[in-house]
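The entries follow in the order in which I looked things up.

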Amino acid sequence: MATILIVDDSRTSRKILKTALEKGGFSIIGEAANGEEGYLKYKELRPDIVTMDITMPTMDGIESLSLIKRENKDARVIMITAAGQKEKMVEALKRGADEFIMKPFDEAEVLDTLNRVAEDENEEKEFNLDDMFQDGQ
């Protein structure tokens with residue numbers, strides 16, 4: 001099963017993701033609490049997939065995504081986002097994000113998204129952000 005690096009400043013979010021992903025058969029090989037740590041751990045560990053929170057201290061997820069993609073254009077990065085971050089999601093797409101997971105987490109959706117990214121590493125992704133943000137933000 002795919003190896004995962006979890007990058008999120010919330011210890012609770014990291015724990016919820018780790019529990020759900022391990023239950024789904026994924027191997028968590030590292031965790032980081034901000035984008036800078038996430039980038040450095042990516043270079044060290046070379047996980048199959050990174051889950052990356054967008055809003056974090058020190059370095060946000062979008063900047064970390066850019067650095068990871070510069071290091072490896074084929075890196076698979078799933079952005080973690082909360083409602084009201086449509087502009088940041090668009091920016092993350094422009095910088096190469098593979099997929100999105102919305103907070104609060106739904107375990108089935110998390111596993112479905114990770115399995116899809118793990119299986120479809122070279123497939124083009126299409127997003128409809130209006131569907132993700134029902135209120136149009």
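**Entry 1: R70**

I began with R70, which I found in helix 3. The model is a predicted one. Is R70 buried or exposed? Its relative accessibility is 65%, and exposed means over 50%, so I noted R70 as exposed. I then looked up R70 and R95, which are 25 residues apart in sequence. Their C-alpha atoms lie 9.7 Å apart in space.

In what order do the five strands of the open sheet run? I read the order as 2-1-3-4-5, with parallel pairing. Strand 2 and strand 5 (99-102) are the edge strands, each pairing on one side only. On average, neighbouring strands of this sheet are turned by 20° against each other, direction ignored.

I noted as background that strands of a sheet pair through backbone hydrogen bonds, either parallel or antiparallel.

**Entry 2: strand 1 and its partners**

I went on to strand 1, residues 3-7. Four of its five residues are buried, so strand 1 is largely enclosed by the rest of the structure. Strand 1 runs parallel to strand 2 (residues 27-32), and five bridges join the two. In this pair I found L5 opposite G30 of strand 2. Between strand 1 and strand 2 the chain passes through helix 1 (residues 11-23), and this β-α-β crossover is right-handed.

With strand 3 (residues 49-53), strand 1 pairs over four bridges, again in the parallel sense. I looked up V7 here and found M52 of strand 3 as its bridge partner.

**Entry 3: strand 4 and strand 5**

How many bridges pair strand 4 with strand 5? I noted four, in the parallel sense. The bridge partner of I78 in strand 5 is E99.

Then I looked at helices against the sheet. Helix 1 packs on the sheet and touches strand 1, strand 2, strand 3 and strand 4. The direction of helix 1 makes about 170° with that of strand 2. Helix 5 (residues 107-119) lies across strand 1, strand 3, strand 4 and strand 5. Helix 5 runs at about 170° to strand 5.

**Entry 4: the cores**

Which residues touch the most other members of the largest nonpolar core? Of its 21 residues, I noted M52 and M79. Strand 1, helix 2 (35-45), strand 3, helix 3 (61-71), strand 4 (76-81) and helix 4 (86-94) each supply at least two residues of this core. Helix 3 gives the most, with four residues.

I listed the contacts of M79, leaving out residues up to four places away in sequence. Among them are M52, I62, L65, A92 and F100. M79 also touches residues such as D53, G61 and E99. There is a second, separate core of 16 residues, including L21, F26, I101 and V110. I101 is also one of the contacts of M79.

**Entry 5: helix 4**

Which residues of helix 4 are buried? I found K86, M89 and A92. These residues cover an arc of only 115° around the axis, which puts them on the same side of helix 4. On the other side of helix 4, I noted E87 and K94 as exposed. Just after helix 4 comes G96, which takes a positive phi of about 110°.

Key:
Residues numbered from 1 in each chain as written. Predicted model: local features only at pLDDT ≥ 70, side-chain atom pairs only at ≥ 80, totals over all residues. Heavy atoms only, no water. Buried < 20%, exposed > 50% of the residue type's maximum accessible area, 1.4 Å probe, protein only. Pairing = 2+ DSSP bridges. Right-handed = clockwise from strand over helix to strand, strands pointing away. Core = buried A, V, L, I, M, F, W, Y, C linked by side-chain atoms within 4.5 Å. Contact = heavy atoms within 4.5 Å. Arc of directions from axis to C-beta. Axes fitted to C-alpha atoms, helices over the stretch in contact; angles between N-to-C directions.
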